[in-house]
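Please read the points below with the sequence and the structure open beside you. They take the ligand site before two residues elsewhere in the chain.

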Amino acid sequence: MTLILKVDPSNPDKSAIKTAAQIIKSGGLVAFPTETVYGLGANALDGAAAKKIYEAKGRPSDNPMIVHIADIKALALIAAEAPPAARKLADVFWPGPLTLVLKKKKVVPKETTGGLDTVAVRMPDHPVALALIREAGVPIAAPSANLSGKPSPTKAAHVIEDFSGKIDCIIDGGSSRIGLESTVLDLTSEIPTILRPGFVTPEDIKDVLGSVGVHPGALGAVGEQNAKSPGMKYRHYAPKAKMVLFEGAKDKVLARIAQEAAANKGKRLGVLLFDNVPEIPKENKILVGAGASGGVETQCRIYDALREFDARGAELILTQGIAPEGFGLAVMNRLRRASGYNIVKV
Ligand code: TXA
Ligand code: MG
């Protein structure tokens, strides 16, 4: 049985948080909302509890998890050292969608870090997540709360779809504001390097640190050897349908999508767009992002759209690529991987 607790996202009920925190403290699994995506949480300091997450997700056990904290003081508990860069970034971006990879302390079990001697840490910007971590009194390890390989969850219904009956508790705190996972920044390498792009952009980090590297895996396929972040080497975020991503100048991309949509009329079609293509019927398309391409500022509903196409039984998904700049870098990282690198340059 999975307990479902519906709470007010901005002011969660104390007794609901207590109940969920008790489950974390006793080694159980609780899915909870964050501003990026929903997380599937367990006590990060309890190896046996962390192990349950891998089993529930069907996640390879070498793929480390992000440890969520609610107070900057908790950093000293889990990280062996916090370089000045970590302090500066935490000052500017926490709570928020930035994850820092640091050398870990012994108390963090290898189950949580997938056997690595580093730990990824983030302070989420969500009242429910923060209240849960505080009440549990321990840092919470949480990957995105989706079955391994599926699109990440941005609302409780997605988590229920994947985990109903398989985990102890799901806190329903509405839709995730950002809708895409956090930026993962490695601070253990010589040059701070973005391993996974997210809402906090390379430019944002450069403004604070002066310089930042972006791992080549952020946009292209990576071989096992180059996968600095184990999560890079697995196919991810994928809908059931075949997905094709069109990249190039906006006008050309939109014209080509209109053409392909017309040619595939006989199929159950899903078209994911940042800009409207009027020729494509309403029932076939979902418009995502806060506005036109390049203007993806807040809500990014790409995961939501991919799950929606699955639910409608789409056979083919056509997708508009956007410029991989700013937040667009993160969007394109997810779309390329979701398509299995099925990319058409136009
Ligand atoms: O926004 C988010 O980051 C969400 C919410 C729940 O906080 N969490 C999330 O977790 O996306 P997950 O497990 O789906 O992705 C974590 C990523 C993976 O690519 C993993 O390989 C990488 O972070 N990672 C975790 N620990 C690492 C470490 N010690 N070194 C390098 N990469 C690490
Ligand atoms: Mg994930």
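1. Strand E6 gives the most to the shell around ligand 1, with 4 residues. Strands, labelled E, are DSSP runs of at least two residues, and helices, labelled H or I, are runs of at least four; both are numbered from the N terminus. This is a predicted model, in which local features need pLDDT of at least 70 and side-chain atom pairs count only at pLDDT 80 or more, while totals for chains, interfaces and linings use all residues. Residues are numbered from 1 along each chain as its sequence is written, chains are lettered from A and ligands numbered from 1 in the order in which they are written, and side-chain values use heavy atoms, with hydrogens and water left out.

2. At least two residues of the shell come from each of strand E4 (66-68), strand E6 (118-122) and strand E10 (193-196). There are 27 residues around ligand 1, and Thr36, Arg59, Asn63, His68 and Ser182 come nearest. A residue is near the ligand if one of its heavy atoms lies within 4 Å of it.

3. Sorted by class, the shell has 14 nonpolar, 9 polar and 4 charged residues. Here Ala, Val, Leu, Ile, Met, Phe, Trp, Tyr, Cys and Pro count as nonpolar, Asp, Glu, Lys and Arg as charged, and the others, Gly among them, as polar.

4. Asp162 sits in helix H7 (residues 156-163). Is Asp162 buried or exposed? Asp162 is buried, because its relative accessible area is 1% and buried means under 20%, exposed over 50%, and partly exposed in between (1.4 Å probe, protein chains only). Neighbours within four places in sequence aside, Asp162 is in contact (heavy atoms within 4.5 Å) with Ala145, Asn146, Leu147, Lys150 and Arg307.

5. Asn146 belongs to the loop between strand E7 (140-141) and H7. Asn146 also counts as buried, at 4% relative accessibility. Beyond four places in sequence, the residues that Asn146 touches include Lys57, Asp162, Phe163 and Arg307.
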